[in-house]
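Colleague: Hey, I'm new to this one. Can you walk me through it?

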Amino acid sequence: MSAAKTDTLPDPSKRDFLYITTGTAGAVGTASFVWPLIDQMNPDASTLALASIEVDVSSIEPGQAITVQWRGKPVFIRNRTDKELEEARNVSIAELKDPSSRNDNLDNGDATDINRSAGEGKENWIVMIGSCTHLGCIPVGLAGEYNGWFCPCHGSHYDTAGRIRKGPAPENLAIPKFQFINETNIKIG
Amino acid sequence: MSGGHSKYVPVNGVMKWMDERLPLPRLVYDSFVAYPVPRNLNNWYTFGAILSIFMVLQLITGIVLAMHYVSSTDMAFNSIESIMRDVNFGWLLRRMHANGASFFFLAVYIHIFRGMYYGSYKAPREVLWILGVFIFIIMMATSFMGYVLPWGQMSYWAATVITGLFSAIPIIGVPIQEWLLGGFAVGDPTLNRFFSLHYLLPFMLVGLVILHVWALHVVGQTNPTGVEVKDLKKETVPFTPYATMKDLFALALFFILFAYFVFYLPDYLGHPDNYIRANPLKTPAHIVPEWYFLPYYAILRAFDFNIGIPFTDIVLLDSKLAGVIAMFGSLIVLLFLPWLDFAKTRSGNYRPLFRQFFWIFALVCIGLGYLGSRPAEGGYVTAAQILTTAYFAHFLIILPLLSILEKPKPVPPSIADAILAKNKAA
Ligand code: HEM
Ligand code: FES
């Protein structure tokens, strides 16, 4: 009985093995051709190379702000007045739409005013990516219901600490990695 | 294209020789000459032909514009100005292309509403309808990318806002956005790939249109009675000359309107800010898309609140993602229309309630379009929320309910009977 079986049926394991290896090689080959086609669209080396910039902020008086460009995006640097600081501090976390600090310089933390600012002793400074967390328009400074920033595109209101208070934007304005490298200069990135 | 009963007879030996090798003339003859169309089609049925012509027009003007256009952020804006001032007839070609896109959309909207009124999406035309929705979506992608090419302020900020939609997707959203842009913000890589795709997509559109027409010729056209053709001889006429002439006449009227815009109101449908060169550091005070995107834009902006579990802080969908889902959802829902409206009666002419809701729906769409053009403030947002609800309710609640509850008027037994009854009354 068993002898007859081996006579009529070829050894299945060998053929299956060939099918599977051919199929696998084909799939891997296709994938390794498709990946370059997809990956070529990612930011290229020259775009990634624009990693950091340095900005002199010594001429920015309280109440003034400048916008600089970093990685093609605007960055707001604002020297806040005492009144603006006061307003931002008096907001309780419970009132906020987004309670997270969104500060790349901190591991995480609440969106308190100190966590949003340049830190102890430099609370008046705020440095943020000036692109609305809704769909990326640039909010206008000293505007909106909270006297901070107002995004004209779809009506998002940010307060003086750049926290989202009203409108479709989901998150507080992002704070990039930055540091004061001396009394007058900031390094972003 | 219907297999079997071809009426084509080659006129001479050359055509016979060809017919035995590649029967392309036979295909064209059977599809556009002998093809039987219901004899009671009205003028709303001419927009399919108008659309085909406008697609060809966009291809022709686009290909010649591409001979003068430069897709780099330094040069794009100036190359458009040089097309307008220096290139022979450049002003005409560009205005035809820019206004042509608007008229293409005007025609497609009429065509879609025609289909909705006469129940054209119902069996056996579901695939035909779905192909149409795909065509519509590819058209939108094409004209969005085309609008970025002149590199004006609206171009730049439209590109920013629309690619920003993808950043709403949790976790993978931002990498997807950067992949689409080729950078951290809209720039040279973005402009170049948009140009490449703006060249490619119209040809994919042509492919889809061929499938659309093929599907149409398999199942045949509907007609205002919604009753299928029963007697080819009594109820249909050959496509040429009857439909060809009727379509050409409608096309001529549509072209007059088009020409009026091209020559007398060339910038009426555009936005003046797009004549300001793109500035990545300044958003225009009031961003609006082209008119044909306004209803979707209103839906996107209607969500200024997070969707969560009531009385808790748990957020299921933040406002941004909710807006994006609703905007894409408003298109996706069209794909399911053949199954959401399952009433047996096809044509709106015999469905009194459906007909009222159809016109309410049309007004809702126009209202959304108006709201999309207004700033996203106060009462406008509330109104957009109400109309967005009405938009989705039409598809998801009203149409299924009407399919069950509505008592339609009696449908004529055949097209021939409907025509005879009409002639008697007149
Ligand atoms: C489905 C058909 C098409 C649609 C709906 C469409 C739509 C548009 C729109 C809305 C614009 C912006 C016009 C403006 O504001 O100036 C544009 C620009 C442009 N399109 Fe197309 N297009 C189509 C086909 C094509 C094709 C086939 C080409 C060929 C390569 C092309 C090449 C261009 C070029 C070079 C521009 C930039 C010049 C300009 O802005 O006038 N288009 N297109
Ligand atoms: S991009 Fe700022 S509100 Fe939409």
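**Where the chains meet**

Colleague: How many salt bridges are there between chain B and chain A?

Modeller: Zero between chain B and chain A, counting a side-chain nitrogen of Lys or Arg within 4 Å of a carboxyl oxygen of Asp or Glu. This is a predicted model, where local features need pLDDT of at least 70, side-chain atom pairs count only at pLDDT 80 or more, and totals for chains, interfaces and linings use all residues. Residues are numbered from 1 along each chain as its sequence is written, chains are lettered from A in the order in which they are written, and side-chain values use heavy atoms, with hydrogens and water left out.

Colleague: OK, and which helices of chain B each supply at least two residues to the side that touches chain A?

Modeller: H7 (153-164), H8 (173-181), H12 (294-302) and H13 (319-335) of chain B; helices here are DSSP runs of H or I, at least four residues, numbered from the N terminus. H7(B) gives the most, with five residues.

Colleague: How much area do chain B and chain A bury between them?

Modeller: About 2,400 Å², 64% of it on carbon and sulfur atoms. That's the accessible area (1.4 Å probe) that two parts lose on being put together, summed over both. In chain B, Trp179(B), Phe184(B) and Leu281(B) lose the most area to chain A, together 30% of what that side buries.

Colleague: Switching topic: how is chain A divided?

Modeller: Into domain 1 (2-39) and domain 2 (49-188), with bounds from an automatic or database domain assignment. Their C-alpha centres lie 57 Å apart.
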